[in-house]
Amino acid sequence: MKRPWNLANIPVYSLATYEGQRVNMNICTYVSAVSMTPKRYMVAVYHQTKSLENILKSKTAVLQLLGKQHISLVNVLGKKCGLSYDKESYLIKRKHIELWNNRKVLSQCAGLVELEKVWSKDAGDHVLFLFDVKRFQTNHENVLMLDDLREKKLVRI
């Protein structure tokens, strides 16, 4: 039987973090909206990653709600480390990048949320960030879910 925290079928996100004009993206499932007014999100970012390095130096990031068509990117975004692998070049070569509000993001996301960092706190093997929502866009409702990753055996839960 699954543990309680593995029972829920939750959306799969990618956090786009920036270093100058360069973008790095990861896979996030430890994400939750936590306030209606102001609209805020909590996002946990794994230690020793390019995403963490970037967001610690920056005030903003883009939370990308992935669509089912992004399932083929999960291994690259989630299992390769941006410290040693150029995810941006990989995504550009495969024409998966577009501009949204002058930021590089994944094309065809179900939704995009521009975030501004409020605070961060060490939370074990992740750092927990609280972000204010600055702007957002909804594109479609064909959302990639954790159960989709389980079915394709991309995660062990």
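Arg 135 is partly exposed, with a relative accessible area of 40%; here buried means under 20% relative accessible area, exposed means over 50%, and partly exposed lies in between (1.4 Å probe, protein chains only). The model is predicted, so to speak of local features requires pLDDT of at least 70, side-chain atom pairs count only at pLDDT 80 or more, and totals for chains, interfaces and linings use all residues. Residues are numbered from 1 along each chain as its sequence is written, and side-chain values use heavy atoms, with hydrogens and water left out.

Let's stay with Arg 135 for a moment. Its partner is Glu 114, and the two form a salt bridge whose closest N and O atoms are 2.8 Å apart. The term stands for a side-chain nitrogen of Lys or Arg within 4 Å of a carboxyl oxygen of Asp or Glu. Glu 114 sits in strand E8 (residues 111-122) and Arg 135 in strand E9, so the pair ties together parts that are 21 residues apart in sequence. Helices (H or I, at least four residues) and strands (E, at least two) are DSSP runs, numbered from the N terminus. Glu 114 counts as buried, at 15% relative accessibility.

Strand E9 (residues 126-138) also holds Asp 132, which is buried with a relative accessible area of 15%. What does the side chain of Asp 132 make a polar contact with? The answer is the side chain of Arg 40, at 2.5 Å. A polar contact is a pair of N or O atoms within 3.5 Å; within protein, one must be able to donate a hydrogen and the other to accept it, and residues adjacent in sequence count only if both atoms are side-chain atoms. Leaving aside residues up to four places away in sequence, Asp 132 touches Pro 38, Lys 39, Arg 40, Glu 114, Leu 115, Glu 116 and Val 118, where contact means heavy atoms within 4.5 Å.

Now for another part of the chain. The structure holds 10 salt bridges, and a network of them links Arg 22, Asp 86, Glu 88 and Lys 104. Within it, the side chains of Arg 22 and Glu 88 meet at 2.9 Å, N to O. This pair links distant parts of the chain, with Arg 22 in strand E2 (residues 22-25) and Glu 88 in helix H3 (residues 87-93), 66 residues apart. The side chain of Glu 88 also forms a salt bridge with that of Lys 104 (2.4 Å, N to O). Since Glu 88 lies in helix H3 and Lys 104 in strand E7 (residues 103-106), the pair ties together parts that are 16 residues apart in sequence.

Is Glu 88 buried or exposed? At 2% relative accessibility, Glu 88 counts as buried, while Arg 22 is partly exposed at 40% and Lys 104 is partly exposed at 22%.
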